[in-house]
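Hi everyone, thanks for coming. I'd like to walk you through a protein that may be new to you, so please have a look at it first.

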Amino acid sequence: MIRGLLVFLALVTLSTALQCYNCGQVHNKPTDLQLGTFNKVIEKLHMKKCHEDRVLECKPHEDECQKVTLESTLGDRTAAPVSATVYKCGQIAKREKLCRTFKLSAHLMWHLKLEYCGVEACQGDVCFEP
């Protein structure tokens with residue numbers, strides 16, 4: 001009886017794992033250089049372009065879905081900045097430091113400057129905008 005209850009609890013735990021969109025999209029009609037740079041960045045982050053089916057099961061330590069809004073020239077200094085959105089699994093405790101991490105990573109890995117970064121928590125997938 002106890003063994004059956006443990007199996008049931010394990011199945012319930014597995015089926016209720018948090019699932020979030022894991023993708024990125026760029027807005028504002030990017031140039032070819034900006035789009036190419038953005039695609040390299042999201043590939044390095046193990047993400048893909050956003051589609052309805054880009055849902056990923058989060059790791060056990062990740063306790064919320066996050067929407068990260070960014071603005072950058074994406075390496076094209078002759079073009080206007082474009083905005084981009086990244087949807088990901090994340091942690092409530094690390095949300096405040098996420099933009100600092102993104103800005104530092106963008107600078108060190110791709111020599112990119114992020115003019116703006118903002119993070120908000122989502123309830124499930126409600127902040128995904130295809």
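**A walk through the fold**

Let's start at one spot: leucine 74 sits in the loop between E5 and E6. Although leucine 74 is not a glycine, its phi is positive, at about 50°. Most residues other than glycine have a negative phi. Is leucine 74 buried or exposed? With 8% relative accessibility, leucine 74 counts as buried. Before we go further, please keep in mind that this is a predicted model.

You'll find asparagine 28 in the loop between strand E2, residues 23-26, and H2.

Now let's step back to the whole chain. How many helices and strands are there in the protein? The protein has 3 helices and 7 strands. Of its 130 residues, 37% count as buried. The protein exposes about 8800 Å², and carbon and sulfur atoms supply 57% of that area.

Here is a number about how the chain comes together. Take the contacts in the protein with a separation of 6 or more: 78% of them are accounted for by residues 24 or more positions apart.

Glutamine 123 is in the segment after strand E7, which covers 114-122. Glutamine 123 is exposed, with a relative accessible area of 65%. In sequence, glutamine 123 and cysteine 20 are 103 residues apart, yet from C-alpha to C-alpha they are 9.3 Å apart in space.

Next, let's visit helix H3, where arginine 95 has its place. What does arginine 95 touch, leaving aside its neighbours within four places in sequence? The contacts of arginine 95 are Glu64, Gln66, Val119 and Ala121. Alanine 121 is 26 residues away along the chain, and its C-alpha atom is separated from that of arginine 95 by 8.3 Å. Arginine 95 counts as partly exposed, at 23% relative accessibility.

Glutamate 96 is found in helix H3 as well. Here the relative accessible area is 71%, so glutamate 96 is exposed. Glutamate 96 and valine 119 are 23 residues apart along the chain, with 7.9 Å between their C-alpha atoms.

Our next stop is strand E6, which holds tyrosine 87. Why does tyrosine 87 count as buried? Because its relative accessibility is 3%, and buried means under 20%. The C-alpha atoms of tyrosine 87 and valine 68 are separated by 6.3 Å, and the two residues are 19 apart along the chain.

Serine 72 lies in strand E5, which spans residues 64-72. Its relative accessible area is 3%, so serine 72 is buried. Where does the side chain of serine 72 reach? The side chain of serine 72 reaches the backbone oxygen of lysine 113, at 2.8 Å. Not counting residues up to four places away in sequence, serine 72 touches Gln34, Pro81, Val82, Lys113, Leu114 and Glu115.

The largest pocket has a volume of about 800 Å³. It is lined by 38 residues, and those closest to its centre are Leu45, Met47, Lys88, Leu98 and Phe102. Which elements give two or more residues to that lining? They are helix H2 (32-44), strand E4 (55-57), E5, strand E6 (82-90) and helix H3 (95-110). The largest share of the lining, 9 residues, comes from H3. By type, the lining of the largest pocket divides into 20 nonpolar, 9 polar and 9 charged residues.

Then turn to helix H3 and look for arginine 95 and glutamate 96.

Notes:
Residues are numbered from 1 along each chain as its sequence is written. This is a predicted model: local features need pLDDT of at least 70, side-chain atom pairs count only at pLDDT 80 or more; totals for chains, interfaces and linings use all residues. Side-chain values use heavy atoms; hydrogens and water are left out. Helices (H or I, at least four residues) and strands (E, at least two) are DSSP runs, numbered from the N terminus. Buried means under 20% relative accessible area, exposed over 50%, partly exposed in between (1.4 Å probe, protein chains only). Contact means heavy atoms within 4.5 Å. Accessible areas come from the Shrake-Rupley method with a 1.4 Å probe; for residues, only the protein chains shown count as cover. A polar contact is a pair of N or O atoms within 3.5 Å; within protein, one must be able to donate a hydrogen and the other to accept it, and residues adjacent in sequence count only if both atoms are side-chain atoms. On a 1 Å grid over the protein atoms alone, a cavity is a set of points where a 1.4 Å probe fits but cannot get out, and a pocket is an open set with protein on both sides within 12 Å along at least five of seven lines; lining residues have an atom within 4 Å of a point. Grid points are joined across faces, edges and corners, and a volume is the space filled by probe spheres set on the points. Ala, Val, Leu, Ile, Met, Phe, Trp, Tyr, Cys and Pro count as nonpolar, Asp, Glu, Lys and Arg as charged, and the others, Gly among them, as polar.
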